[in-house]
Amino acid sequence: MKKTTTLLGILGVVGMFCACSSDTVSAPDYNQPQDTPSSSNSAANSNTSGNGPVVKDSIVHETVYLSSSGKHIVPYSSNSEAFCWDDKDCKAATPTSSSAMASIEINMSSEAQNPPTVNGTTMTDNRDGKSYKLENVGGRLWMAENLNFQTKSGYFCKTASSEDMCATYGGFYTYSGAQRACPSGWRLPTQAEVTALDAAVKHEWWQVGGRFKLSDDVATDYGLEDEQGYIWIQADGEYSSFRIKNYNEDSPHEFQSGSTGERAYNVRCISDQ
């Protein structure tokens, strides 16, 4: 009798254990889809791997505008919801048709990187097809003419009453415009590079094309033609431009500071190689 009771007790415990085990939730089988979309685009809307759960992709439709300035670290979004680098480059995005796949439309700015073609002593700017004379001075390749590439902003040729001065002296730029005017692989010269060049070339090598005065990004006055010429340089905290004068024999060439937002000067690009 005692043996029988003991046996029944053991069987009861085993039965309870089996009953509890049958109610335990097992781990999901990741080799089987966990979600079956009813849409015909299910293959495009989901990403099923053999080693993990289904992950749905987000659908993105944005227009992206690229610029060569390289100064804009934080992207800017306009009210039109277009993605761009600054408000001046921002254009309204053209709505794209509904699609299950992510799509990004990229429109390249005319100022985007497009290396020029150098052939001996001539450089052709592939952004607009204009050609310039080159000269190797002190082991550095210089433009021997003022640049005349029309940037989207910061580029001036005439006032309301003056003629087109760019046709004679090349483009006139604000300092910010000058920083993005040179073609890919070329840049504004440093003070040391201008000093070395000026010591090696004659006074006549420079163009004395005057300058534009600006007010609220509008050219209000052009003057000093054939009297003074100016080029922008890489600002080092003190100087930002170089002046060439056709008078005052004591200091015909000198560096100057300021005027980065009030004047439009010429640009001589130097190879970055």
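Mentor: Helices (H or I, at least four residues) and strands (E, at least two) are DSSP runs, numbered from the N terminus. This is a predicted model, where local features need pLDDT of at least 70, side-chain atom pairs count only at pLDDT 80 or more, and totals for chains, interfaces and linings use all residues. Residues are numbered from 1 along each chain as its sequence is written, and side-chain values use heavy atoms, with hydrogens and water left out.

Trainee: Where is E227 found?

Mentor: Look in the loop between β15 (218-225) and β16 (228-232). E227 counts as partly exposed, at 38% relative accessibility. The scale: buried is under 20% relative accessible area, exposed is over 50%, and partly exposed is in between (1.4 Å probe, protein chains only).

Trainee: Which residues of helix α5 are buried?

Mentor: In α5 (residues 191-200), they are E193, V194, L197 and D198. Down the axis of α5 they fall within an arc of 130° (taken from the directions from the helix axis to the C-beta atoms), so they line one face of the helix. A192, A199 and A200 are exposed on the other side.

Trainee: And how do I read a salt bridge?

Mentor: Side chains of opposite charge can pair when their charged atoms come close. The cut-off is a side-chain nitrogen of Lys or Arg within 4 Å of a carboxyl oxygen of Asp or Glu. Here E193 pairs with R140, with the closest N and O atoms 3.1 Å apart. E193 lies in helix α5 and R140 in strand β10 (residues 140-143), so the pair ties together parts 53 residues apart in sequence.

Trainee: How many salt bridges does the structure hold?

Mentor: Seven. Another one joins K245 and E254 at 3.5 Å, N to O.
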